[in-house]
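Hi,

Here is the structure I said I would pass on.

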Amino acid sequence: MTEELRVLFLISEIDPFIKIGGLGDVGGSLPRALASLSPENTNRHRIDIRICVPLHAPIRHKLPTEKIVAEFPLENKYGKVFATAFEAELNGIVTYLIDGEPVRQAPKVYNEDEILDGEKYVFYSLASLELMRFLNWKPHIVHCHDWHTAPAIYQLSRNRVNDVFFSDTRSILTIHNLPFMGNGASQAMTDYGLPPTSSTALPEWARHLPLPLGLLTADWITTVSPTYATEILTPEFGCGLEEFLASRRLTISGILNGLDIASWDPQKDKALISPFSVDSVHKRTINKQALLEEFSLKNDLDIPLLAFIGRMDAQKGVDILLEGLEMIADTNWLAILLGTGNAQLERATIEMQQKYPNHVRAAIRFDPKLSRMLYGGADMLLIPSRYEPCGMVQMIAMRYGCIPIAHATGGLKDTIRNDPADQKTGFLFPKNTAEELTQSLKQAFSYYRNQNLWRTIQQNAMRQDFSWERSANEYAKLYLRLKENTE
Ligand code: GLC
């Protein structure tokens, strides 16, 4: 006999339908992995997971078949605001797309206008809960992600006592990016009947912001890596919430994200001129050669080829990277830096190419095909992120035998093995400074000169298990624990 475990999953991005960053990968992969867990691993529960996502402007026209399942009003200060819920099957999961004026009036997924975003996400969060009542589908767990969905948790905690429908529902809030707390949403919260909290557990400035309120009232909090769960309790990473979070430390845990290993498979990757596996790593050389030719870099396979792949912004540490490369400009290396973002950092990257034309190529663009070629052809990936709740590029890189050189923080620390030497999967440097980055790079260069040693590191890296199944199992355990506490 299997029992049902109903999970309502609120997230603002679902790959491949709508993806801005790593959050979209989680929205695309985790629900699927949860739905396919075998009942043997879930204490004989079948997980019925349903997702609610806003019907963002950019996906209005690209939906597969969908149907309207509900139309209902929400009350705000000015009267009724109607919500429409469409049902579609995305990635094989029942997904409700929430529409209404506040969603329609926001042109992008995330908007520069914080007020507009506040209205959109408060409305979407509350409408998602109401939809469950409308469908008479009582979730055991509401699993929310980041500030965009946190108003649902706050609402749930306020109403649960008097609300039979949700009285047994437990909530989880997963932090993917703590600095984004929903500034600009306070007015919308007031308008929809969500007042500031009077709890002094939160600092005063945080008492009417969605993310802190969600963190205050969630039954459980997770971060996307175990290390990040401890880092957020410190002033360096806690964004001013460290003391409050430390007071909740017994209800915070870290569950590492997985990787979509079917989509990231060096043996089947169509973008690679020369696909390869752990037993044929030598075939990577052809990919490296192709990159050197395409970017008119010195055709010498003995020189390590470095890559950066990602958003060019402060979090990702592009400034540290450029400074570090400059410090070792007199040694032998080549680098291709791919990404877009902050205009100043883009410019600094281009200037780096102008200054060191024999070393550096700046590829200032969004180019998924090139990123795959880099994973499959470059020797090392530079990841000097200031903070990294989980991070995905390091997992892809390892799977493709491209060795990460990374700041020992968050998910980078949890996924990359620095020692012992014979089990190394990458290089970690403890403090994120240009000096430490270059120290680590120099060490990597000396390993690289010993091709046998390097091959061992590549094979160690490629053999890691980053599948979503492992994460899904941990989430399922957490769901069951919370559900059992209500029985
Ligand atoms: C955010 C974090 C990143 C994480 C992703 C998915 O983008 O910055 O570290 O991998 O969310 O959880």
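First, a quick one while you have it open: is A262 buried or exposed? A262 is exposed, with a relative accessible area of 66% (exposed means over 50%, buried under 20%, partly exposed in between, with a 1.4 Å probe and protein chains only). A262 sits in the loop between strand 9 (252–254) and helix 9 (284–294); helices are DSSP runs of H or I with at least four residues, strands are E runs of at least two, and both are numbered from the N terminus. The C-alpha atoms of A262 and S467 are 9.2 Å apart, although 205 residues separate the two along the chain.

Before the rest, some ground rules. This is a predicted model, where local features need pLDDT of at least 70 and side-chain atom pairs count only at pLDDT 80 or more, while totals for chains, interfaces and linings use all residues. Residues are numbered from 1 along each chain as its sequence is written, and side-chain values use heavy atoms, with hydrogens and water left out.

On the overall fold, the protein chain has 17 helices and 15 strands. Its radius of gyration is 23 Å, close to the 23 Å that the globule rule gives for 487 residues, so the chain is as compact as a globular protein of that length (taken over C-alpha atoms; the rule is 2.2 Å times the number of residues to the power 0.38). Of the 487 residues, 60% count as buried.

Now the ligand. The residues around it (a heavy atom within 4 Å) include H176, N177, V224, Q315 and E388. Domain 1 (3–258 + 468–484) and domain 2 (278–462) both contribute to this shell, so the ligand lies between them; the domain bounds come from an automatic or database assignment.

For polar contacts (N or O pairs within 3.5 Å; within protein, one atom must be able to donate a hydrogen and the other to accept it, and residues adjacent in sequence count only if both atoms are side-chain atoms), the side chain of N257 has an N or O atom 2.8 Å from a ligand oxygen. On the backbone side, a polar atom of C390 is 2.9 Å from a ligand oxygen, and an N or O atom of P389 is 3.4 Å from one. The protein buries 91% of the 310 Å² that the ligand exposes when taken alone (Shrake-Rupley areas, 1.4 Å probe; for residues, only the protein chains shown count as cover).

Cheers
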